[in-house]
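Here is a walk through a two-chain model, starting with the overall picture and working down to single residues. Have the structure open while you read.

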Amino acid sequence: MIVGIASGKGGTGKTTVAVNLAASLPEPVLLLDCDVEEPNCHLFLAPQVTASARVSIPVPVLEESKCTSCGLCSKICEYHAIAFLGDRPLIFPELCHGCGGCHWVCPTGALTEIPNEIGVVETATVPSGTLVQGRLHVGKALSPPLIRAVKQHARPEGITLVDSPPGTACSLAAALTGCDFALLVAEPTRFGQYDLSLLVDSVRELKIPCGVLINRSRGRDDPVRAYCREQGIPVLGEIPEREELARAYARGRLAIQVLPELAGTLRDLWSQITVLAGRSTSGRRRL
Amino acid sequence: MKVLVTTTGKSLDSPVDPRFGRAELFAVVETETNQLDIVTNDEARGALQGAGIQAAELAVRLGVQVVLTGHCGPKAFAALQAAGVQVVAGASGTVAQAIEALFSGKLQPTTSPDVRGHWA
C-alpha cells in the first residue's frame, strides 16, 4: 500500500508524522522523501546511504545551420522556454520541462537534446526500513521530474510512505499520484483549516481517499474539526501540542522517543488507513 | 522612434514601474508625434515563470526600438538583445521624465542585465 502524507500549509508536521509512523509500525517501511527542495526525513533517521543516482531532463540545443527560422519550436513550448525574437530561436534551458515537444516538431532536425541534471535520488538503510530521497540541485526550479524519479521506487506490496512537498502545486500532484490514500496533516487554526481546504480540493481532483491527522492539537474543538465534520472527512488521530515534542524535533529525535504513547496513536491511525484505503473502489492508478 | 516605458498608470505623468517582466502596463510612446498607447502586460505578469521573456516577446510585437524601465533581468535582457531592442534601465519618476532623461543623455543604454534572475 502506498500512502502519501501531505499538507496544504508548510510546517504542519508531515515529516514528523512520516518518520514517526515509519518507526511505529512493526514491519519494515519504505519511506520516500518527495519534498525534494528540502528533504529532511534523513535528519531523524541516521541513514546509511547505499546508492545515489543522478536525474536529468532532456533540454534542446540548436544546430544553427539546420534552422530555417520557422518558429514552430517556440510556438509549441507551453513554458516559454524558447523565444523567437531575432531570426533564431533563443533557448532558456532553466525554463524547459523536458517534454521534447520542440525536438519533435522541428522539421529539419535542428534541435537535439542534451541531459540537464536537476538532482539526485539517494537510497539509504534506516532503522525503520529504507529511505529513498530526492535532492533537487540548488538553482533548479523544476521538481516534478525528480519527484517522479523518487516515486519509481514505490511498491504496492508492503508499506510505502510518501512524504510530500507542501502546497497544492504540480509538485504535490507528482508526489500523490498513484497513492492509495492521502493522510492530510493539519494545524488546528483558521490558517491551517484554510490551507487544508485547498489541499482537500486537490486530493479530490486526484480522486484519492483521504483522512486528517491534527497536529499540535489542544484537545478541544477547533476550525479543522468543524471543517472535517462539514465535509465528511474522517479525523484519524491527533498529536498533542507539547513542548517536549518541539525540543525533540529540534534535536533530530523521534517524537515517539519522548512520548511513547504516540506510537500507539500512530499504529491505530495506520489500521484506520488500511480500512479506508481498502474500501476505496477507485483502484490503483498509474505511477 | 518608438519607446516602451513600464508604468503603473495610463498617462505620461504616471509613475515608472521599476519591474520589466511583471510591469503592470507598457506605455508605448512614438517620440516623433508624442502619441501614447497604453498596452496591458497581463499575460507576462501572471506567468509562473518566464515573465521577462514573455514581456520581451510583447515588446518585440509592439515594434519598439527602446525599452525604458527600472530593472531588467538576464532572460528579458537576452531576449530583447536578440531582437535588437535597446534596453535602458535605471528609469524613475514619471513616464515623461524617463523619456526626457533618455533624450538628455542622463540615462544610457544598458549593456548587461542589472538584476539577477528569480530562478538562478
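## Chain A at a glance

Call a residue buried if 20 or more other C-beta atoms lie within 10 Å of its own, with those C-beta atoms placed from the backbone. By that count, 48% of the 287 residues in chain A are buried. Keep in mind that this is a predicted model.

Look at contacts between residues at least 6 apart in sequence, and 75% of them join residues at least 24 apart.

Chain A has a mean pLDDT of 94, with 97% of its residues at 70 or more. The exception to watch is residues 281-287 of chain A, where pLDDT is below 50; this stretch has ten contacts in the model beyond near neighbours in sequence.

What order do the strands of the open sheet in chain A follow? Nine of them line up as β3-β6-β7-β2-β8-β1-β9-β10-β11, with mixed pairing. At the edges stand β3 (48-62) and β11 (235-240) of chain A; each has a single partner strand, so one side of each has no neighbour in the sheet. Ignoring direction, neighbouring strands are turned by 20° against each other on average.

For one pairing inside this sheet, take β2 (residues 29-33) and β8 (residues 159-163) of chain A, which run parallel over five bridges. Leu32(A) has Val162(A) in β8(A) as its bridge partner. Helix α6 (residues 190-205) of chain A packs on the sheet, where it touches β1 (2-6), β9 (181-186) and β10 (210-217) of chain A, and its direction makes about 170° with that of β9(A). Helix α7 (residues 223-231) of chain A lies across β9, β10 and β11 of chain A, at about 165° to β10(A).

## Where the chains meet

Eleven residues of chain A are in contact with 15 residues of chain B. On the chain A side, the touching residues split into seven nonpolar, three polar and one charged.

Over in chain B, strand β1 (residues 2-7) is mostly covered, with five of its six residues buried. On one pairing, β1(B) runs antiparallel to β2 (residues 25-30) of chain B, joined by six bridges; Leu4(B) has Val28(B) in β2(B) as its bridge partner. On another, β1(B) runs parallel to β4 (residues 66-68) of chain B through three bridges, and there Val5(B) stands opposite Leu68(B).

Which residues have the most contacts inside the largest nonpolar core? They are Val5(B), Val67(B) and Leu68(B), in a core of 122 residues. Setting aside neighbours within four places in sequence, the contacts of Val5(B) include Val16(B), Ala27(B), Val29(B), Ala91(B) and Ile99(B).

## A buried glycine in a loop

Gly73(B) sits in the loop between β4 and α3 (74-82) of chain B. Is Gly73(B) buried or exposed? It's buried, because 22 other C-beta atoms lie within 10 Å, and the cut-off is 20 or more.

Gly73(B) and Val115(B) are 42 residues apart along the chain, yet their C-alpha atoms are separated by 5.0 Å. Leaving out neighbours within four places in sequence, the residues in contact with Gly73(B) are Gly21(B), Gly52(B), Pro113(B), Val115(B), Arg116(B) and Gly117(B).

Conventions. Residues are numbered from 1 along each chain as its sequence is written. Chains are lettered from A and ligands numbered from 1 in the order in which they are written. This is a predicted model: local features need pLDDT of at least 70, side-chain atom pairs count only at pLDDT 80 or more; totals for chains, interfaces and linings use all residues. Two residues are in contact if their C-beta atoms, placed from the backbone, lie within 7 Å. Ala, Val, Leu, Ile, Met, Phe, Trp, Tyr, Cys and Pro count as nonpolar, Asp, Glu, Lys and Arg as charged, and the others, Gly among them, as polar. Two strands pair if DSSP finds at least two bridges between them. Helices (H or I, at least four residues) and strands (E, at least two) are DSSP runs, numbered from the N terminus. Axes are lines fitted to C-alpha atoms, for helices over the stretch in contact, and angles run from 0 to 180 degrees between N-to-C directions. A residue is buried if 20 or more other C-beta atoms lie within 10 Å of its own, exposed if 12 or fewer, and partly exposed in between; C-beta atoms are placed from the backbone. A nonpolar core is a set of buried Ala, Val, Leu, Ile, Met, Phe, Trp, Tyr and Cys residues joined through C-beta atoms within 7 Å. pLDDT is the predictor's confidence in each residue, from 0 to 100.
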